[in-house]
Amino acid sequence: MMETMREGRMPLLLCVNLSRCQVGDELMGLLGEAVRGGFLREVKELYLSGNRFREVGLGAFFHAVRETPAALPAVEILDLSSNAVGEGVGLLETALVSGKLQTLKELRLATCRLTDESMRMLGDAFRAHRTQSLSSLCLSENEPLTETGLSKFLEALSPQSLPKLQAFSLVGCPSLGPVRVWTLVLQAREKFGKLRSLTSLLKQTERSLKLK
């Protein structure tokens, strides 16, 4: 399938689901070639969760996105969950800062081994590029993440960042409980005017507390 996409034989694809398909660094490079060729122009949903690519493969893909004028101009959902991305999320940052992924509405980075530094990179990306369309951001189940990382993320944002973000998921991080997540986000909202459109975090936190 990857070769077929790279060669442009599926030009009208709207959804690409390669989740749990053993996609490694080499195949991510092929997906990047498909982006360079403009063969994913119509894709609205791209699912890449549960694979085995790492920073090298992610770099090949996002370098292609950054360097291609019409890279993924229609994509609304990008799912990178359950991959060992870690601080390779900085590669996503370069694509966002370059003005790509303008139509992105939902970004999933759950179980990606995001670190505190990864969170700072994401915050910097959303500050430099407001990502006007993003309405859902999932960062759950990232065990290395601590309160320091969430603080860095929120500090990096400006009041104009993520103006349409309604759903923010950050649960399942052993070093970061739901009450503390809620407290830090609420402080960013009330004191600094950030994430004003956020609606689901309160409900999510309430559910977490009821389960305890």
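The model is predicted, so local features need pLDDT of at least 70 and side-chain atom pairs count only at pLDDT 80 or more, while totals for chains, interfaces and linings use all residues. Residues are numbered from 1 along each chain as its sequence is written, and side-chain values use heavy atoms, with hydrogens and water left out.

**The chain as a whole**

- You will find eight helices and six strands here, counted as DSSP runs (helices: H or I, at least four residues; strands: E, at least two) and numbered from the N terminus.
- Along the sequence, the pattern reads α-β-α-β-α-β-α-β-α-β-α-β-α-α.
- Of the 212 residues, 51% are buried (under 20% relative accessible area, 1.4 Å probe, protein chains only).

**L154 and its surroundings**

- L154 sits in helix 6 (residues 147–156) and is buried, with a relative accessible area of 6%.
- Beyond its neighbours within four places in sequence, L154 is in contact with L184, V185, A188, K194 and L195 (heavy atoms within 4.5 Å).
- V185 lies 31 residues from L154 in sequence, yet their C-alpha atoms are 7.4 Å apart.

**Helix 6 against helix 7**

- The axes of helix 6 and helix 7 (residues 178–192) come within 10 Å and cross at roughly 20°; these axes are lines fitted to C-alpha atoms over the stretch in contact, with angles from 0 to 180 degrees between N-to-C directions.
- The two helices are therefore roughly parallel (angles under 35 degrees).
- E147, L150, S151 and L154 in helix 6 meet R180, V181, L184, V185 and A188 in helix 7.

Key
Buried means under 20% relative accessible area, exposed over 50%, partly exposed in between (1.4 Å probe, protein chains only). Angles under 35 degrees count as roughly parallel, over 145 as roughly antiparallel, 65 to 115 as roughly perpendicular and the rest as oblique.
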